[in-house]
Structure formats: C-alpha cells, structure tokens
Amino acid sequence: MSFRTKASTLRRLIIVLNMKIAVFPGSFDPITIGHVDLVRRALPLFDQIIVAVGVNSTKKYLFPLEQRMEWLLQVFAQDQKVSVDSFQNLTAHYCQRIGARYLLRGLRNASDFDYEKTISQLNHIVGNGIETVFLISQPEYSHISSTIVREIIVGGADATPFIPAEIRIGTLP
Ligand code: ADP
C-alpha cells in the first residue's frame, strides 16, 4: 500500500470514527407518525440514524418483524441519512457493535420520562458512555403510541390518521 493510499484510508477511517451515529430503537409495532416526526427532527443532529427494531423473544408483537421492517424501509426510503436494521439482546451492545455512540428516544409525558431515565442511565454504564438524546414530542403527536394504534386496528377502526402515508395497514396477519 502506497503512502498516499494509506493516508487516504486513514482519513476515511477518521471520518467514519467521527461520524455521529444514533440508534433509534423500538418495537415499531407498527410505526406511527409520532416516530417519523421524531426521526425527521433528529436528522440535523446526526450523520446517520439507524432505526433499529429490537427483537425480544419473550414479547408478543401484533405484526411480524419482517412486516415492521418493510414498513420502516418504505417510510424512510428517501432519507439518505436513515437506515433500518434489527437486533437482539442488549441495545447498548448493539450500539457498540455498529459504532453508534448515541441513542435517540422520544418523550411524550412524565411516565415516558420515568421509564427512559433509568434505561438511559443503564445504557450509559453498559454501553461505556453511550449518550441518549431525548426529543420532546410535538403536542400534536404526544397522544400517539403504537399501543393505541394496535388497539384501534384490533378493534376494527381506522388507524390511517396515525400511520405514515407511505404505508397501508390492511387486514391483520
Ligand atoms: P418501545 O417498545 O421501546 O417503547 P416504541 O416503538 O413504542 O418502542 O417507541 C420507540 C420510541 O419512540 C420511544 O422512545 C418512544 O418514546 C418514541 N415514541 C413513540 N411514539 C412517539 C410519539 N408519538 N412522539 C414522540 N416519540 C414517540
């Protein structure tokens, strides 16, 4: 390897090491317009945002992992800085594996805060200094949660107002 090649490889490595990569972890069962708003507002803060579906084998989901990931890919297809992935086990270990030093989470209310505070403190220890960046939900989205959307779908009502326009949730799997 010539000196010039080595220097440019090193420069690229330094750029990659300095990249601000954030993981936005969640179940996204299903993705809502609240999630999308959060990611779009966080885009100026990071070089790359990885929307990562956490797979917990003890948790029951309404929609299969493949379907949830497909929807995420559709919604963020035009966002160059957003990629979609899934992971198992600890979020902090996933971040370390892919070189992400930030977690992105949303806060809708005080109970989100109480829960997120503990998780973020744990992730800071387990993830060797991983910082969680919180964005407060916009008022028009603070009542929206995947839980409520699931209830609407299961109850046979129309969830369209809470779901990104790019996707269609037809009949249940
Ligand atoms: P989890 O199963 O980890 O709660 P969710 O998919 O429900 O995952 O949510 C992922 C993240 O998105 C959480 O930080 C949550 O606070 C945030 N979030 C969910 N809905 C909204 C919303 N309407 N506005 C802002 N943040 C939201």
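1. D79 and R40 form a salt bridge, with the closest N and O atoms 2.7 Å apart. The pair joins distant parts of the chain: D79 lies in the loop between α3 (65-75) and β3 (82-88), R40 in helix α2, 39 residues apart. A salt bridge here is a side-chain nitrogen of Lys or Arg within 4 Å of a carboxyl oxygen of Asp or Glu. D79 is buried at 15% relative accessibility. R40 is partly exposed at 34%. Buried means under 20% relative accessible area, exposed over 50%, and partly exposed in between (1.4 Å probe, protein chains only).

2. Some ground rules. This is a predicted model, in which local features need pLDDT of at least 70 and side-chain atom pairs count only at pLDDT 80 or more, while totals for chains, interfaces and linings use all residues. Residues are numbered from 1 along each chain as its sequence is written, and side-chain values use heavy atoms, with hydrogens and water left out.

3. The chain holds six helices and five strands. Along the sequence they follow the pattern α-β-α-β-α-β-α-β-α-β-α. Helices (H or I, at least four residues) and strands (E, at least two) are DSSP runs, numbered from the N terminus.

4. The salt bridge count comes to five. One of them pairs D37 with R41, at 3.4 Å from N to O. The two residues are about one helical turn apart, because they sit four residues apart in helix α2 (residues 33-42). D37 is buried, with 14% relative accessibility. R41 is partly exposed, at 30%.

5. Another salt bridge joins the side chains of R105 and E116, 2.8 Å from N to O. This pair also links distant parts of the chain: R105 is in strand β4 (residues 102-107) and E116 in helix α5 (residues 110-126), eleven residues apart. E116 is buried at 5% relative accessibility. R105 is partly exposed at 22%.

6. Now the chain overall. Its C-alpha atoms fill a box of roughly 65 × 35 × 35 Å along the principal axes. Of the 173 residues, 37% are buried. Among contacts (heavy atoms within 4.5 Å) between residues at least 6 apart in sequence, 77% join residues at least 24 apart.

7. The chain exposes about 10400 Å², and carbon and sulfur atoms supply 56% of that area. Accessible areas come from the Shrake-Rupley method with a 1.4 Å probe; for residues, only the protein chains shown count as cover.
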